[in-house]
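This report describes one protein model. The sequence and the structure come first, and the notes follow.

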Amino acid sequence: MKSVQKGFTLIELMIVIAIIGILAAIALPAYQDYTIRSKISELVVKADACKTSVAEYYQSQETLPPTIADAGCTATATQYTGVMTVTNGVIMVPVAGIPAAAGKKFYLKPTQNGTTADPLSWSCTAAGAGTDIPSKYLPANCR
């Protein structure tokens with residue numbers, strides 16, 4: 001009488017565990033970067049809200065707002081952002097609650113174009129505006 005094999009051999013189980021380990025080693029760093037990028041996007045959204053106020057101030061006063069009060073932006077902190085400031089039109093949002101970017105700041109810098117159709121252009125690149133957040137965490141238009 002022939003016996004029927006049931007279950008898996010030890011080698012087959014070890015191969016499956018090795019494959020799962022390799023996939024986890026690749027997926028975990030990518031997922032961690034993704035979660036940090038999604039938290040950093042809150043800084044960008046907060047700065048974008050203030051960007052409109054700075055542009056309106058510039059169009060009406062023909063100069064950049066010296067303070068956040070003049071710009072008309074709110075400076076409240078959130079879970080991932082510190083207290084936002086505006087200095088001569090430059091919007092600065094500090095990182096809060098993100099250990100990988102602790103102590104870093106996101107800057108959104110206006111440049112005066114001198115045209116009435118598009119009076120300001122904005123930059124948030126790591127080198128150009130002084131943003132010290134690693135570029136891999138910034139949105140694509142800021143890298």
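## Helix α1

In helix α1 the buried residues are I36, I40, L43, V44, K46, A47, C50, S53, V54, Y57 and Y58, where buried means under 20% relative accessible area, exposed over 50% and partly exposed in between, with a 1.4 Å probe and protein chains only. Their cover includes α2 (68-71) and the strands β1, β2, β3 and β4. Helices (H or I, at least four residues) and strands (E, at least two) are DSSP runs numbered from the N terminus.

The model is predicted: local features need pLDDT of at least 70, side-chain atom pairs count only at pLDDT 80 or more, and totals for chains, interfaces and linings use all residues. Residues are numbered from 1 along each chain as its sequence is written, and side-chain values use heavy atoms, with hydrogens and water left out.

Helix α1 has 52 residues and spans 76 Å from its first C-alpha to its last, close to the expected 76 Å; the expected span is 1.5 Å times one less than the number of residues. Just after α1, E62 has a positive phi of about 60 degrees.

## The sheet

Four strands make up an open, antiparallel sheet in the order β1-β2-β3-β4; two strands pair if DSSP finds at least two bridges between them. β1 (85-87) and β4 (120-123) are at the edges with a single partner strand each, so one side of each has no neighbour in the sheet. On average, neighbouring strands are turned by 20 degrees against each other, direction ignored. Axes here are lines fitted to C-alpha atoms, for helices over the stretch in contact, and angles run from 0 to 180 degrees between N-to-C directions.

β1 pairs with β2 (residues 90-94) in the antiparallel sense over three bridges, and I91 in β2 is the bridge partner of V86. Helix α1 (residues 10-61) packs on this sheet and touches β1, β2, β3 (105-112) and β4, its direction making about 160 degrees with that of β2. Contact means heavy atoms within 4.5 Å.

β2 and β3 run antiparallel and are joined by four bridges; the partner of V93 in β3 is F106. Four bridges also join β3 to β4, again antiparallel, and Q112 has L120 in β4 as its bridge partner.

## Disulfide

How many disulfides does the model hold? With a disulfide taken as a pair of cysteine sulfur atoms within 2.5 Å, the count is one. C50 is joined to C73, with an S to S distance of 1.9 Å. C50 lies in helix α1 and C73 in the loop between α2 and β1, so the pair ties together parts that are 23 residues apart in sequence.

The torsion about the S-S bond of C50 and C73 is about 90 degrees, so the disulfide is right-handed. C50 is buried at 2% relative accessible area, and C73, at 15% relative accessibility, also counts as buried.

## Aromatic pair

A search of the whole structure gives one aromatic pair. Rings of Phe, Tyr and Trp (its six-membered ring) pair if their centres lie within 6.5 Å; planes under 30 degrees apart are stacked, over 60 edge-to-face, and the rest tilted. The ring centres of Y31 and Y34 are 6.4 Å apart and the planes are at 35 degrees, so the pair is tilted.

Both Y31 and Y34 belong to helix α1, where they are three residues apart, about one turn of the helix. Y31 and Y34 are both exposed.
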